[in-house]
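Subject: A structure for you to explore

Hello! I am passing a structure on to you, and my notes on it follow below. Please open it and keep it in view while you read.

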Amino acid sequence: MPRWLEIVLIGAGLWVASWVVMVVLARRLPPGLLRDAAEFLPACVTTARTLRGDPAVPRRAKVALLIAVVWVISPIDLLPEFLPVIGPLDDVVAVVLLLRYAARSIPREVLLAAWPAEPRLLLRLLGTA
(Lines give C-alpha, C1' and ligand atoms only; values in the text may rest on other atoms or scores of the structure.)
Protein backbone atom coordinates (compact mmCIF):
# COMPACT_ATOMS: atom_id res chain seq x y z
CA MET A 1 0.00 0.00 0.00
CA PRO A 2 1.41 3.46 -0.86
CA ARG A 3 2.52 5.65 2.05
CA TRP A 4 0.14 8.48 1.11
CA LEU A 5 -2.83 6.11 1.25
CA GLU A 6 -1.82 4.96 4.73
CA ILE A 7 -1.66 8.57 5.88
CA VAL A 8 -5.08 9.33 4.40
CA LEU A 9 -6.63 6.24 6.00
CA ILE A 10 -5.08 7.01 9.39
CA GLY A 11 -6.31 10.62 9.15
CA ALA A 12 -9.82 9.50 8.20
CA GLY A 13 -9.83 6.97 11.04
CA LEU A 14 -8.80 9.60 13.57
CA TRP A 15 -11.44 11.99 12.23
CA VAL A 16 -14.19 9.36 12.57
CA ALA A 17 -12.95 8.37 16.03
CA SER A 18 -13.03 11.98 17.18
CA TRP A 19 -16.65 12.31 16.00
CA VAL A 20 -17.62 9.13 17.83
CA VAL A 21 -16.02 10.42 21.03
CA MET A 22 -17.81 13.77 20.65
CA VAL A 23 -21.18 12.07 20.12
CA VAL A 24 -20.69 9.81 23.15
CA LEU A 25 -19.67 12.73 25.34
CA ALA A 26 -22.53 14.91 24.08
CA ARG A 27 -25.07 12.20 24.92
CA ARG A 28 -23.80 12.11 28.50
CA LEU A 29 -24.39 15.83 29.07
CA PRO A 30 -27.10 16.70 31.59
CA PRO A 31 -30.19 18.53 30.31
CA GLY A 32 -29.64 22.24 29.91
CA LEU A 33 -28.02 24.88 27.73
CA LEU A 34 -24.81 22.95 27.04
CA ARG A 35 -26.72 19.88 25.85
CA ASP A 36 -28.99 22.05 23.70
CA ALA A 37 -25.94 23.66 22.10
CA ALA A 38 -24.37 20.26 21.41
CA GLU A 39 -27.58 19.04 19.72
CA PHE A 40 -28.16 22.18 17.66
CA LEU A 41 -25.98 21.70 14.56
CA PRO A 42 -26.74 17.98 14.11
CA ALA A 43 -30.46 18.77 14.44
CA CYS A 44 -30.16 21.51 11.81
CA VAL A 45 -28.36 19.21 9.39
CA THR A 46 -30.91 16.42 9.94
CA THR A 47 -33.77 18.89 9.42
CA ALA A 48 -32.22 20.24 6.22
CA ARG A 49 -31.72 16.73 4.84
CA THR A 50 -35.30 15.78 5.71
CA LEU A 51 -36.83 18.91 4.19
CA ARG A 52 -34.83 18.57 0.98
CA GLY A 53 -37.16 15.83 -0.22
CA ASP A 54 -40.42 17.36 1.01
CA PRO A 55 -42.70 18.60 -1.81
CA ALA A 56 -44.15 21.31 0.48
CA VAL A 57 -40.76 23.04 0.59
CA PRO A 58 -40.15 25.59 -2.19
CA ARG A 59 -37.03 25.38 -4.35
CA ARG A 60 -35.39 28.51 -2.89
CA ALA A 61 -35.72 27.07 0.61
CA LYS A 62 -34.22 23.77 -0.57
CA VAL A 63 -31.25 25.64 -2.04
CA ALA A 64 -30.73 27.53 1.25
CA LEU A 65 -30.90 24.26 3.20
CA LEU A 66 -28.43 22.61 0.83
CA ILE A 67 -26.02 25.51 1.30
CA ALA A 68 -26.38 25.14 5.09
CA VAL A 69 -25.51 21.42 4.96
CA VAL A 70 -22.56 22.02 2.64
CA TRP A 71 -21.34 24.83 4.88
CA VAL A 72 -21.34 22.57 7.95
CA ILE A 73 -19.61 19.60 6.31
CA SER A 74 -17.11 21.72 4.35
CA PRO A 75 -13.56 21.55 5.69
CA ILE A 76 -13.03 25.21 4.72
CA ASP A 77 -14.12 27.54 7.52
CA LEU A 78 -13.88 31.21 8.29
CA LEU A 79 -12.82 30.26 11.82
CA PRO A 80 -10.77 27.05 12.24
CA GLU A 81 -12.68 24.32 14.08
CA PHE A 82 -9.83 23.61 16.48
CA LEU A 83 -10.27 27.00 18.20
CA PRO A 84 -12.16 26.36 21.43
CA VAL A 85 -15.66 27.84 21.68
CA ILE A 86 -15.39 30.13 18.62
CA GLY A 87 -14.34 27.39 16.17
CA PRO A 88 -17.84 26.21 15.28
CA LEU A 89 -19.26 29.74 15.53
CA ASP A 90 -19.19 30.41 11.78
CA ASP A 91 -21.07 27.15 11.19
CA VAL A 92 -23.73 28.05 13.74
CA VAL A 93 -24.21 31.59 12.42
CA ALA A 94 -24.42 30.43 8.80
CA VAL A 95 -26.88 27.65 9.62
CA VAL A 96 -29.08 29.93 11.73
CA LEU A 97 -29.26 32.58 9.00
CA LEU A 98 -29.94 30.06 6.23
CA LEU A 99 -32.51 28.14 8.29
CA ARG A 100 -34.33 31.36 9.18
CA TYR A 101 -34.32 32.37 5.51
CA ALA A 102 -35.67 28.98 4.43
CA ALA A 103 -38.25 28.91 7.24
CA ARG A 104 -39.99 32.00 5.83
CA SER A 105 -41.40 29.92 2.99
CA ILE A 106 -41.80 26.52 4.70
CA PRO A 107 -45.07 25.78 6.53
CA ARG A 108 -44.36 25.85 10.28
CA GLU A 109 -45.88 22.39 10.89
CA VAL A 110 -43.68 20.84 8.16
CA LEU A 111 -40.61 22.43 9.73
CA LEU A 112 -41.52 21.26 13.23
CA ALA A 113 -42.19 17.73 11.98
CA ALA A 114 -38.70 17.58 10.46
CA TRP A 115 -36.93 18.92 13.58
CA PRO A 116 -35.49 15.94 15.54
CA ALA A 117 -34.53 17.79 18.75
CA GLU A 118 -36.45 19.70 21.38
CA PRO A 119 -39.00 21.88 19.49
CA ARG A 120 -38.45 24.87 21.80
CA LEU A 121 -34.96 25.30 20.29
CA LEU A 122 -36.39 25.68 16.81
CA LEU A 123 -39.24 27.89 17.96
CA ARG A 124 -36.80 30.17 19.75
CA LEU A 125 -34.59 30.31 16.68
CA LEU A 126 -37.48 31.18 14.37
CA GLY A 127 -39.23 33.61 16.67
CA THR A 128 -42.91 34.37 16.36
CA ALA A 129 -44.77 33.43 13.20
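This is a predicted model: local features need pLDDT of at least 70, side-chain atom pairs count only at pLDDT 80 or more; totals for chains, interfaces and linings use all residues.

**The overall fold**

The chain has 129 residues, and 28% of them count as buried. It exposes about 9000 Å², with carbon and sulfur atoms supplying 70% of that area. If you take the contacts between residues at least 6 apart in sequence, 51% of them join residues at least 24 apart.

**The nonpolar core**

Which residues have the most contacts inside the largest nonpolar core? They are Leu51, Ile106 and Trp115, in a core of 29 residues. At least two residues of this core come from each of H2, helix H3 (59-73), helix H4 (89-103), helix H5 (108-114) and helix H6 (119-126). The largest share, seven residues, is supplied by H2.

Apart from neighbours within four places in sequence, Leu51 is in contact with Val57, Lys62, Leu65, Ile106, Val110, Leu111 and Ala114. Ile106, in that list, is another of the residues with the most contacts inside the core.

**A buried threonine**

Next, have a look at Thr47, which sits in helix H2 (residues 33-52). Is Thr47 buried or exposed? Its relative accessible area is 0%, so Thr47 counts as buried. Setting aside neighbours within four places in sequence, Thr47 touches Leu111, Ala114, Trp115 and Pro116.

**The salt bridge**

How many salt bridges does the structure hold? There is one, and it pairs Glu6 with Arg3. Side chains of opposite charge can pair when their charged atoms come close. Here the closest N and O atoms are 3.3 Å apart. Both residues belong to helix H1 (residues 3-27), where they are three residues apart, about one turn of the helix.

The two partners can also be described by their accessibility. Arg3 has a relative accessible area of 58%, so Arg3 is exposed. For Glu6 the value is 30%, so Glu6 is partly exposed.

Enjoy exploring, and do write back with your questions!

Best wishes

Conventions. Residues are numbered from 1 along each chain as its sequence is written. Side-chain values use heavy atoms; hydrogens and water are left out. Helices (H or I, at least four residues) and strands (E, at least two) are DSSP runs, numbered from the N terminus. Buried means under 20% relative accessible area, exposed over 50%, partly exposed in between (1.4 Å probe, protein chains only). Contact means heavy atoms within 4.5 Å. Accessible areas come from the Shrake-Rupley method with a 1.4 Å probe; for residues, only the protein chains shown count as cover. A nonpolar core is a set of buried Ala, Val, Leu, Ile, Met, Phe, Trp, Tyr and Cys residues joined through side-chain atoms within 4.5 Å. A salt bridge is a side-chain nitrogen of Lys or Arg within 4 Å of a carboxyl oxygen of Asp or Glu.
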